[in-house]
Amino acid sequence: MNKQDRSNHYHERVRKALQKPRLSDTLHRFADAYAVSREAAFAGQDFDALRNAIAVMKDDVRTNQERYQAEFTAKAEAAGATVFVAKTAADANAYICNLAKERGVRKVVKSKSMASEEIHLNQALEAAGIETLETDLGEWIIQLAGEKPSHMVMPAIHMVKEEVAELFSVVTGNKEPAEIPHLVKLAREQLRQGYFDADMGISGANVAIAETGGIALVTNEGNARLTTTLPKIHVALIGLEKLVPTLEDAERVINVLPKNATGQLITSYITWIRGAVPCGDGEKELHIVLLDNGRSALAESPHCRDALRCIKCGACANVCPVYQTVGGHVFGHVYISAIGVILTAFFHGLDNAAELVRACIGCRSCVAVCPSNIDLESIILHLREVIGEEEGIGAGKSLVFKHVMRNRKLFHSLLRAASLLQKPVTRGERSIRHLPLFFSGLTEWRTLPAIADKPLRDQWSGIVQKVEQPRYRVALYAGCLNDFVYPELGHDLIKVLNRLNVEVTFPMAQNCCGVPALYSGDRETAVALAEQNLDALLADEVDYVITTCPTCTMALQRDYLDLLRDNPVWAEKAQKLAAKTLDVARFIAEQLDGAKELAGSGMTGTVTYHDSCHLKRGAGVWRQPRELLAGTGRTLVEMAHSDRCCGFGGSYSFTSHPDIARRILSDKVDDIVASGADCVAMDCPGCMMQIRGGIEKQELPVRVRHTIELLAESLDKN
């Protein structure tokens, strides 16, 4: 399938998923309950310390893979197991199928194993004439439905009880009621005889302990214990990344896994197996298949290898707005959501991962909850670069990034020209409510802001600043939106900072931060723009570089360090810029004690706050804006899911996945309205564009403002 056909096929699957509101409702309800349960489960524990310890341990295993693998093999074989290392999925399937044939196996029972899904083991066994029965309730449901798992931990989470009742009715030949206790009892009755009839049981494992040669399974149903004990042959299929050095390391994983996966303090069963489990009077066999299947290649990738830290908790799906919108059968291949994007690329090929890579909105929710401290977003961005190099980023984007944005004067001249060309659709307003012809879809569900008649840079020379003895002298990095769409935001920033005795400069040579190119896979353009901005922002010695956009903040603080790390001269400049770059809310709150200095304006009204993705989960700023807003006298009310993505994502909401972005925005607008606030504040011009567009389109009586605008209003009142 060529690139265009693959893209069309994927977007058709997205369209069909969006036509199933019950799917999204189900996943949203689970996500809401999960957030509460997870917080309670980790109460009193230092999550960052726990995940840092797991990350260090997992990196040690990756670095010393051969040693731990050899130690595990020796200890397992000494305890009576047979260990086989499968280089590929075909090797693993061949070993298990041949073993089954040699032992005369006619029926296999399986407990839940994502590794078996990864290698398509069921199909291989069935092709060999061996009946296979999934005994995990969720896995049995999707086996009956002929589907893949839609979640690593809860494979049938996408199905409601009515759908399950229909499947079970086919099995029993009766009309089964859609009552969960009844369905669970029926499943138990249907599956129980399978354990006694089976000649082989197949399981996975959550950890394989090098120092003992044992394995551990973490489960909530009794099926894994029956699967591993009753049949005379037990095969454990285990990915090499499941190796841990010691029992203490195993305990560390098992402590975190259920809390992060489902919000449980501990699962119903923790099963430890070392050697063959006794099986009546007969001889019991234990075969351990250690699966590579791309893991060695992943370990060799300096950009992606941290993915091997994954403990398969599935939390990256639980918090992912894309997953909650379209489900795992769309935002996944075999493995789903953020970690699934990466594993798919290495286990099942870049072709199968390409559309998933593009479907990620980059909100970093997955990074915040990862129990192994994997920067999933950064790895996915690297895969976008790889795909961009392999397939190109598209003629339109290539033209804009390489030939327009790199040329600052041309880029800015075109934006100025666009402000004139837009007159027929703006009709004198600051918002574009309708676009004609094939552009109409862009304004079907939101308004768009008009490009300003005069950008901030062209107004700068006429702005008078009265700061006689400035406490600080700072440079404003405005970014494209603050400069060309919301220049009034720059005026408000000057007003607030001047009031706090800070002088503001505007380096005229600054250009786009490069994130649009970087997120589209054009690293070369991102590097060129980084170098331009470093020269512009470091040309004048200022105390700080201030930003009003968190995505730009992360570009200057983080992305430039990565983009330029291999060039000693530019790397030093990038480090210097990163050290003095601050989001304006953090700067005002922490460097200027702004909450105290700006307090007492006596503002009225209620305001709720939207946490922009890169501000909270990138820059670590979320308390500071709230403190500043509360200090003005406004009543601050929290909306539900305040840090859930608004669906903007730059080009994501325009050209890449506007249909998904539209649904995510709808969720955000609902939460804002439900808060009862008359104003929603935020610290990102992109979020402002998206949320204001949705609220204006619905003609809702809620103001949308940047925090700086609200602080400036309070000064105006004084």
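Modeller: A salt bridge is a side-chain nitrogen of Lys or Arg within 4 Å of a carboxyl oxygen of Asp or Glu. The structure above is a predicted model: local features need pLDDT of at least 70, side-chain atom pairs need 80 or more, and totals for chains, interfaces and linings use all residues. Residues are numbered from 1 along each chain as its sequence is written, and side-chain values use heavy atoms, without hydrogens or water.

Biologist: How many salt bridges does the structure hold?

Modeller: There are 50. Take Lys 312 and Glu 241, whose side chains meet at 2.8 Å, N to O. This pair links distant parts of the chain, 71 residues apart. Lys 312 sits in the loop between helix H13 (295–299) and helix H14 (315–318). Glu 241 sits in the loop between strand S7 (233–239) and S8. Helices (H or I, at least four residues) and strands (E, at least two) are DSSP runs, numbered from the N terminus.

Biologist: Are Lys 312 and Glu 241 buried or exposed?

Modeller: Both are buried. Buried means under 20% relative accessible area, exposed over 50%, and partly exposed in between (1.4 Å probe, protein chains only).

Biologist: Which residues are linked in a network of salt bridges?

Modeller: Arg 6, Asp 351, Glu 355, Arg 358 and Glu 391.

Biologist: On to strands. How should I read their faces?

Modeller: In a regular strand the side chains alternate between the two faces of the sheet. Strand S2 (residues 107–110) is covered on both faces. Lys 107 and Val 109 are buried on one side, Val 108 and Lys 110 on the other.

Biologist: Which strands does S2 join?

Modeller: Strands of a sheet pair through backbone hydrogen bonds, either parallel or antiparallel. Two strands count as a pair if DSSP finds at least two bridges between them. Four bridges join S2 to strand S3 (residues 131–134), running parallel. There, Lys 110 has Glu 134 as its bridge partner. Three bridges join S2 to strand S4 (residues 200–203), also parallel. Val 108 is partnered by Met 200 in S4.

Biologist: What is the strand order in the open sheet with mixed pairing?

Modeller: The four strands run S8-S5-S6-S9. Strand S8 (243–244) and strand S9 (269–273) are the edges, each pairing on one side only. Five bridges join strand S6 (residues 214–219) to S9, running antiparallel. Leu 217 is bridged to Thr 271 in S9. Helix H12 (residues 247–262) lies across strand S5 (207–209), S6, S8 and S9, at about 165° to S5. Such angles run from 0 to 180 degrees between N-to-C directions, with axes fitted to C-alpha atoms, for helices over the stretch in contact. Contact means heavy atoms within 4.5 Å.

Biologist: What is the order in the open sheet with parallel pairing?

Modeller: The order is S14-S13-S15-S16. Strand S14 (502–505) and strand S16 (581–583) each have a single partner strand, so one side of each lacks a neighbour in the sheet. The twist averages 35° from one strand to the next. Three bridges join strand S15 (residues 544–547) to S16. Val 545 stands opposite Thr 581 in S16. Helix H28 (residues 550–563) packs on this sheet, touching strand S13 (472–477), S15 and S16, at about 160° to S16. Helix H30 (residues 584–591) touches S13, S14, S15 and S16, at about 95° to S16.

Biologist: Why is helix H36 called largely enclosed?

Modeller: Eight of the 11 residues of H36 (residues 707–717) are buried, so the rest of the structure largely encloses this helix. Among them are Thr 707, Glu 709 and Leu 715.

Biologist: Which residues form a nonpolar patch on the surface?

Modeller: Leu 437, Phe 438 and Phe 439, with about 410 Å² of accessible area together. Patch residues have over 30% relative accessible area and no salt bridge; like charges are joined within 9 Å, nonpolar side chains (Val, Leu, Ile, Met, Phe, Trp, Tyr) within 5 Å. Areas come from the Shrake-Rupley method with a 1.4 Å probe; for residues, only the protein chains shown count as cover. Phe 438 lies in the loop between strand S11 (431–432) and strand S12 (448–449). Phe 438 counts as exposed, at 70% relative accessibility.
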